[in-house]
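Subject: Structure for your set-up

Dear colleague,

Please read the notes beside the coordinates.

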Amino acid sequence: MKALQELVRKNIWLLSPDETSLNKPDKDDARVFLDANENPYNKPHNRYPDPWQTKLKGTLSQVKGVAPENIFLGNGTDEVIDLVYRVFCEPRRDNVVAIAPTYGTYKVCADINDVEYRAVSLSEGFQLNAKKMLETCDANTKVIWLCSPNDPTGNNLQQTEIEKIIIGFDGIVVIDEAYSDFSPAKVFRNEIGKYPNIIVLNTMSKAWGCAGIRLGMAFANKQIIKLLNKVKHPYNINMLTQRHAIEALEHRQDVEKWVRMLLQERSQLMKAFEYLPICERVYPSDSNFFLAKMTDAQSIYKYLIEKGIVVKNKSEVELCENCLRITVGTKSENSELLGALRQF
């Protein structure tokens, strides 16, 4: 890996944000706060939230097994993705490399930040080729994006290939593990001490059932976390999100139960799809969704919409011709979906 200073945009490296409004009071027992122009009424919502999310990171640390100083929290992982571009990629000069197909926000943020986006196709079995990825890089490649389990394909990327990329690339490797709670594969957040050039993403939106509170996270070495903190908005995680996230994290047993139920439903739903005359193939999944190749995905998608059932049509995505992405729902939701498809 290159020295971090060589990878970071010069203006970001030199940035010294005015943190006076974020500093903690000299005394922990302070009772009167007259420093932030807050309204003294309507407690507790009259106060700005903790900008460093100290209590939440402490709780999250216990659940994820990562030290608080190695955790960054964002308004969804989308904020973290955008910040990676803003920290590392010089517009109109640098580029990033990503697999295809994959999560679309990587490219959206590249376009917004005016950074070249180089896509490398997965194999027919949606697998990663480290050699092809590394050959696509050049001296101006700052970031490689990997998503495992991958969206929209649903499968884990081969971990030996991921490790080849981490070791062979001298820039930043981002591994998006948003769906890792549904997979038995090892998680790379436990490898941040071994690999200083990785940023591992996770979210409260999937297994934790908290998409509405918008909380994403990044795990990385302390120097990278400090850089992300330099660039983030001061109060990017609101008070209500922090409170609800702590409450959710303290009920981990609920999440474990939900994951077991969803995995069981996924298995049954995928088997049922294999018997549908309108389904040509069901791809393996390590997520809470799966990809299915249909005889006429567009017509089936429109038919389901008319029935009040929404799935994701991925037909226009590379390697996903005539494919629908099916999120696993409750038993009754899955039954309603199957009932409608059997009548198509």
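Across the interface of domain 1 and domain 2, the rule finds seven residue pairs in polar contact, both residues being at pLDDT 80 or more (a polar contact is a pair of N or O atoms within 3.5 Å, where within protein one must be able to donate a hydrogen and the other to accept it, and where residues adjacent in sequence count only if both atoms are side-chain atoms). By class, the side of domain 1 that touches domain 2 has 10 nonpolar, nine polar and four charged residues, with Ala, Val, Leu, Ile, Met, Phe, Trp, Tyr, Cys and Pro taken as nonpolar, Asp, Glu, Lys and Arg as charged, and the others, Gly among them, as polar.

This is a predicted model, in which local features need pLDDT of at least 70 and side-chain atom pairs count only at pLDDT 80 or more, while totals for chains, interfaces and linings use all residues. Residues are numbered from 1 along each chain as its sequence is written, and side-chain values use heavy atoms, with hydrogens and water left out.

The protein chain is divided into domain 1 (4-251) and domain 2 (253-342), with bounds that come from an automatic or database domain assignment. Domain 1 and domain 2 bury about 1900 Å² between them, 61% of it on carbon and sulfur atoms (buried area is the accessible area, with a 1.4 Å probe, that two parts lose on being put together, summed over both). Pro152, Phe182 and His251 supply 33% of the area that domain 1 buries against domain 2, more than any other three residues.

The rule finds one salt bridge across this interface (a side-chain nitrogen of Lys or Arg within 4 Å of a carboxyl oxygen of Asp or Glu). The side chains of Asp151 and Arg325 meet in a salt bridge, at 2.8 Å from N to O.

The count of salt bridges comes to 15, and one of them joins Glu90 to Arg9, with the closest N and O atoms 3.7 Å apart. Glu90 lies in the loop between helix H4 (76-88) and strand S2 (95-100), and Arg9 in the loop between helix H1 (4-7) and helix H2 (10-13), so this pair ties together parts that are 81 residues apart in sequence; helices (H or I, at least four residues) and strands (E, at least two) are DSSP runs, numbered from the N terminus.

Two backbone details remain: the peptide bond from Ala100 to Pro101 is cis, with omega near 5°, and the bond from Ser148 to Pro149 is cis, with omega near -5°.
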